[in-house]
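This briefing goes through one protein model by topic. The sequence and the structure come before the notes.

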Amino acid sequence: MATALIDEIDVLAKAKRAIGGAYTPAADETYMSDGQQDYFRKLLMAWKRSILDASAGTLQQLQDGPIRDADLNDRASSETDWGIELRTRDRQRKLIAKIDSALRRIEEGEYGYCEVTGEPIGLGRLEARPIATMTVEAQEAHERREKVSRDD
């Protein structure tokens, strides 16, 4: 799980480098101004593009042929690696759906605001997690409720 999160962070960092430019959202601007919305739109699109590029590489490797290791231990190791790779791609498929949802929220003018409280999520949180839909406080409350319902 930690490795998947690190991979996700790496892909997001790559997306931030890809959009380049000197602009970064600042707290002294009007919250979710056109400039901020454009920045997050570009970031989300670059993030999605880098995920799709990585997926295309995995698909190509799968199409190149089956695992042909003669040694059973090597084959088992390769199959384990492929299993991990495919689980990672499945997580990224779900992430793409969240990215698409965030892009839709930008178009509808809802991006950057908590779906529970309606308050601004905050630029720092959106920089770290551009697909965030809740403020930190609302997310923590949600996770506490989930934990309590699982414990029952």
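Phe40 touches Pro25, Met32, Ile106, Tyr111, Leu123, Leu126 and Glu127, leaving out residues up to four places away in sequence; contact means heavy atoms within 4.5 Å. This is a predicted model, in which local features need pLDDT of at least 70 and side-chain atom pairs count only at pLDDT 80 or more, while totals for chains, interfaces and linings use all residues. Residues are numbered from 1 along each chain as its sequence is written, and side-chain values use heavy atoms, with hydrogens and water left out.

**Overall make-up**

- The protein has five helices and zero strands, where helices (H or I, at least four residues) and strands (E, at least two) are DSSP runs numbered from the N terminus.
- Read from the N terminus, the order of elements is α-α-α-α-α.
- Of the 152 residues in the protein, 30% are buried; buried means under 20% relative accessible area, exposed over 50% and partly exposed in between, with a 1.4 Å probe and protein chains only.
- The accessible surface is about 9,900 Å², and carbon and sulfur atoms hold 53% of that surface; areas come from the Shrake-Rupley method with a 1.4 Å probe, and for residues only the protein chains shown count as cover.
- Taking contacts between residues at least 6 apart in sequence, 61% join residues at least 24 apart.

**Nonpolar core**

- The largest nonpolar core has 26 residues, and Phe40, Leu44, Trp47, Ile99 and Tyr111 touch the most other members. A nonpolar core is a set of buried Ala, Val, Leu, Ile, Met, Phe, Trp, Tyr and Cys residues joined through side-chain atoms within 4.5 Å.
- At least two residues of this core come from each of helix H1 (2-19), helix H2 (34-63), helix H3 (72-108) and helix H4 (123-128).
- H2 gives the largest share of this core, with seven residues.
- Leu44 is in contact with Ile99, Ala102, Leu103, Ile106, Tyr111, Pro130 and Ile131, not counting residues up to four places away in sequence.

- Phe40 lies in helix H2 and is buried because its relative accessibility is 0%.
- Apart from neighbours within four places in sequence, Gln92 contacts Val11, Ile51 and Ser55.

**Aromatic pairs**

- The structure holds four aromatic pairs. Rings of Phe, Tyr and Trp (its six-membered ring) pair if their centres lie within 6.5 Å; planes under 30 degrees apart count as stacked, over 60 as edge-to-face and the rest as tilted.
- One of the pairs is Tyr23 with Tyr39, which is edge-to-face because the ring planes stand at 65°, with the centres 5.9 Å apart.
- Tyr23 is in the loop between H1 and H2 and Tyr39 is in helix H2, so this pair ties together parts that are 16 residues apart in sequence.
- Tyr23 is partly exposed at a relative accessible area of 32%, whereas Tyr39 is buried at 8% relative accessibility.
- Tyr31 and Tyr113 also form an edge-to-face pair, 5.3 Å centre to centre with 85° between the planes.
- That pair links distant parts of the chain, 82 residues apart: Tyr31 is in the loop between H1 and H2, and Tyr113 is in the loop between H3 and H4.
- Tyr113 counts as partly exposed, at 31% relative accessibility.
- One aromatic cluster is formed by Tyr23, Tyr39, Phe40 and Tyr111.
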